[in-house]
Amino acid sequence: MTGPQIAFLPDRRRLHLQHGPIDLIIDAEGLGRDAALRAAAARFDSVLEELVAELPLLRAPTGPRPEGEIARHMHAATLPFRPAFITPMAAVAGAVADSVLSAMTGAGALTRAYVNNGGDIALHLAPGESFTAAIAGGTPGRATIGADSPTRGIATSGRHGRSHSLGIADSVTVLAATAAQADAAATMIANAVDLPGNPKITRTPARDLSPDSDLGDRLVTVDLAPLIGAEIDTALAGGLALAETCRARGLIHAALLTLSGQTRTLGAPDLIASKEPTHA
Amino acid sequence: MTDRPPRPEKTRPEKIRCDACPVMCYIAEGRIGACDRYANQGGRIIRCDPLTVLDRRIAKGDEVKPFLKADWDGTLSGDDLFVTAVGAGTTYPDYKPAPFIVSRELDGADFVTVVTEAIFSYCGVKIKIDTDRHLGPEGAVVRAKGEAVGLVITSEYGSQMLSLGGVDHLTGGSKPEGRVTCDTLLRLCNREAVELSVDGGASVIVQAGQPPIVDGQREERMRVGCGSATIGMFASQWQGLVDEVVVVDDHITGVVSEHQAGKVLGWPDTGIRIKGRRSTPGRYFQVAEPGLGWGGTDITDPLTILGEWNPKKGARPGLTLLMVSTTGEQFAYYTLDDDLVPQPRDLPEALRASVELIAENCEPALCTVMFMGGAGGSLRSGVTKNPVRLTRSVQDEKTRVTVGGAPAYVWPGGGITLMADVTRMPDNAFGSVPTPAIVAPLEFTLPRAEYRALGGHDDKARSVDDILEHGGDYGADVRAVGPVTGKDGA
């Protein structure tokens, strides 16, 4: 069995940490950089084992409180969505990012730092600093987060990501206070971008694709025939409605939803701005 | 090996449980696991980490060259190649034949190498740390991240020895103790730096093939010998240049005028008096407490080990004295004033050469990490249907045992208890399982006739070329690594 692997990327600056399904890219700026990277590596060491120790509970619908630090963070981030179906796994990537970032900021003085867990990102910003993230998905976008913004987590979910989606959104990017909260909300909003019963959507039980998926026999989207404008509007409206509820409840700060080339944004327009395609 | 992993659940045949990481995903046919690194292809787990091959043509072991079959030039064949077990994959308990049973031509004989990654619950490391600095009392507990992972054992000539791991720390203690022990062993075996602290002693950073760092201080040199031996080696070179030499050492401090080596040169008495327990003439034990100062003592001012000078035995104003440690790293030069009190003076040029000679004769201080494990139990049944015959064949030296291609010393007596130098193995040769236990690459090489005789899975034996061409149970990718030879160092 392979243990955690840690190596600098070819730029000798960003550190890549991998263990099993977890891939983190991290960077830190400031006097505490070295200490922070070391702390990240030390924290990362046991992350997967901590999660695996409680995996059955984390794959079950959010309910009983788990023990581990990351597991509890996952639990807390998914709890507000109950009684809808959600498992702590909906926030696993964000929660891992938050935990590793917290080890880094605890180890030394940093001006800027991030932990990017496969697109779910935890941020640290000292006063005056900002962070710009390019947003993947149907429409290229960019999010600039300043230190005065309450956002410290970015997450993207959708049917092109690594995990399966119950919905049809190409991508849903969410800004929230923590990466775990952003992760859980992005998952739920992406699931809500849907057209129930529409024959253009091909669905398969999650368990047939990944035998131990936390989604069990729930149908996940595997293919989508071209949609017409009204269908896209309807599907995005469903996601946007949930995003608005989340924002009203203080769970998220902003969201960007894309489906078949169409985009809906919610939240401060300066947080997420669609970038015009540039031509040479 | 008492702690069994859960029995694989009964599932539809096209779903396979991957044991590559603690998640242990079930992976459906044609699908990739949660990690995107392992897949189920045609009912078997394909790994992206390639099987490691030692390519004897690559010199020095410094180049790791990943390659796929597509860009393989086909020249890696024959005796240049030794398939190692790194990346071979394993099954536990070992109820099915080891993943690779390689039939290989060796010096014209038809040899078989059985390649597996063995899971060792009974394993640990013996660490030799070249330093005179006192790391801690014999028997003291050694900790990593606050958990007990081993102990200080008997010190050796110029080195302090630690013994870490073992089944009691891995599975006999608390859960964190087992986890930290396993992790510490894994890192040490994979030649990473690990910080260890000794109860009532020092903190030391250990990395195989690198100098130890004791309490933040990097050890450069291994002492030339004990204080007495140093006197013996250099007495004739000091003669005529200085009236008295004291070599300060925590074990045996030497005094040239009293020492046998001085006596045979007709060295006159100086009236020096050393505090400490005299062993034989010119050899003193326990001149100070052990520590991080001169020669492994706690001394920073060497004069503190001297008593009153005795004029009746030869002490006189103007008498010259050299004090030096066993590595030549510390030295001081004095002359006695009119009250027979040593006064510091600059070291004369002629004596500087002799101090430098001590330093020059010291070897670089290194940490040596020897993996030690017992390849008993069910492991052997992956190799042969009649396990005890393998043990006997190894004990009779008909079967050669290597760990990741590195020669292993097999202890006499029962079982297959072996030791191997981790610096002679490919990078990241070791892994772990959550049991917790260490996964080490292990190869048995023996003549094919012997293999048949001891009831080996001969029908499973394949040629090196065939394995490179088609892979084993865990996929066809291979990587070539130059064999790591003995003392080439880092």
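1. The model is predicted, and every value here is computed from it. I start with the backbone of chain B. Q286(B) is placed in the loop between strand 21 and strand 22 (320-325) of chain B. Its phi is positive, about 50 degrees, although Q286(B) is not a glycine.

2. D215(B) is another non-glycine residue with a positive phi, here about 45 degrees. The loop that holds D215(B) runs between strand 16 (213-214) and strand 17 (217-218) of chain B. With 13 C-beta neighbours inside 10 Å, D215(B) is classed as partly exposed. As background, most residues other than glycine have a negative phi. Both residues therefore deserve a look at the backbone when you go through the model.

3. In chain A, the peptide bond from R82(A) to P83(A) is cis, with omega near 10 degrees. P83(A) sits in the loop between helix 4 and helix 5 of chain A.

4. The axes of helix 4 and helix 5 (residues 92-105) of chain A come within 9 Å and cross at roughly 130 degrees, which makes helix 4 of chain A oblique to helix 5 of chain A. The crossing is right-handed. From helix 4 of chain A the contact uses E69(A), I70(A), H73(A), M74(A) and A77(A), and these meet V92(A), G94(A), A95(A), V96(A), D98(A) and S99(A) of helix 5 of chain A. By class, six residues in this contact are nonpolar, three are polar and two are charged.

5. Helix 4 (residues 69-78) of chain A packs against helix 6 of chain A as well, at an angle of about 50 degrees and with the axes 9 Å apart. That angle makes helix 4 of chain A oblique to helix 6 of chain A, and the crossing is right-handed. Here H73(A), M74(A), A77(A) and T78(A) of helix 4 of chain A meet A180(A), Q181(A), D183(A) and A184(A) of helix 6 of chain A. The contact is made up of four nonpolar, three polar and one charged residues.

6. Which residues have the most contacts inside the largest nonpolar core? They are V174(A), A185(A), I189(A), V193(A) and I252(A), in a core of 89 residues. Helix 6 (residues 179-192) of chain A gives the largest share of this core, ten residues. A second, separate core has 62 residues, including C123(B), V125(B), V149(B) and L162(B).

7. Beyond four places in sequence, V193(A) touches G167(A), I168(A), A169(A) and V172(A), among others. Its partners also include A235(A), L236(A), G238(A), G239(A), L257(A) and L259(A).

8. Chain B contains eight helices and 32 strands. Of its 490 residues, 49% are buried. Among contacts in chain B with a separation of 6 or more, 66% join residues 24 or more positions apart.

9. G373(B) gives a local example in strand 25 (residues 367-374) of chain B. G373(B) counts as buried because it has 28 C-beta neighbours inside 10 Å. Leaving out neighbours within four places in sequence, its contacts are F120(B), Y122(B), C123(B), L418(B) and A440(B). G373(B) and I438(B) are 65 residues apart in sequence, with their C-alpha atoms 9.4 Å apart.

10. The buried residues of helix 3 (residues 227-238) of chain B are G227(B), S228(B), A229(B), T230(B), I231(B), F234(B), A235(B) and W238(B). Their cover includes strand 18 (244-248), strand 19 (253-255), helix 4 (260-263), strand 21 (283-285) and helix 5 (349-360) of chain B. Just after helix 3 of chain B, G240(B) has a positive phi of about 90 degrees.

11. The contact between the chains takes 21 residues from chain B and 15 from chain A. On the chain B side, helix 2 (175-189) and strand 29 (431-433) each supply at least two residues. Strand 29 of chain B gives the most, three residues. The chain B side divides into 13 nonpolar, three polar and five charged residues.

How values were computed: Residues are numbered from 1 along each chain as its sequence is written. Chains are lettered from A and ligands numbered from 1 in the order in which they are written. This is a predicted model: local features need pLDDT of at least 70, side-chain atom pairs count only at pLDDT 80 or more; totals for chains, interfaces and linings use all residues. A nonpolar core is a set of buried Ala, Val, Leu, Ile, Met, Phe, Trp, Tyr and Cys residues joined through C-beta atoms within 7 Å. A residue is buried if 20 or more other C-beta atoms lie within 10 Å of its own, exposed if 12 or fewer, and partly exposed in between; C-beta atoms are placed from the backbone. Helices (H or I, at least four residues) and strands (E, at least two) are DSSP runs, numbered from the N terminus. Two residues are in contact if their C-beta atoms, placed from the backbone, lie within 7 Å. Axes are lines fitted to C-alpha atoms, for helices over the stretch in contact, and angles run from 0 to 180 degrees between N-to-C directions. Angles under 35 degrees count as roughly parallel, over 145 as roughly antiparallel, 65 to 115 as roughly perpendicular and the rest as oblique. A crossing is left-handed if the near helix is turned anticlockwise from the far one by less than a right angle, and right-handed if clockwise. Ala, Val, Leu, Ile, Met, Phe, Trp, Tyr, Cys and Pro count as nonpolar, Asp, Glu, Lys and Arg as charged, and the others, Gly among them, as polar.
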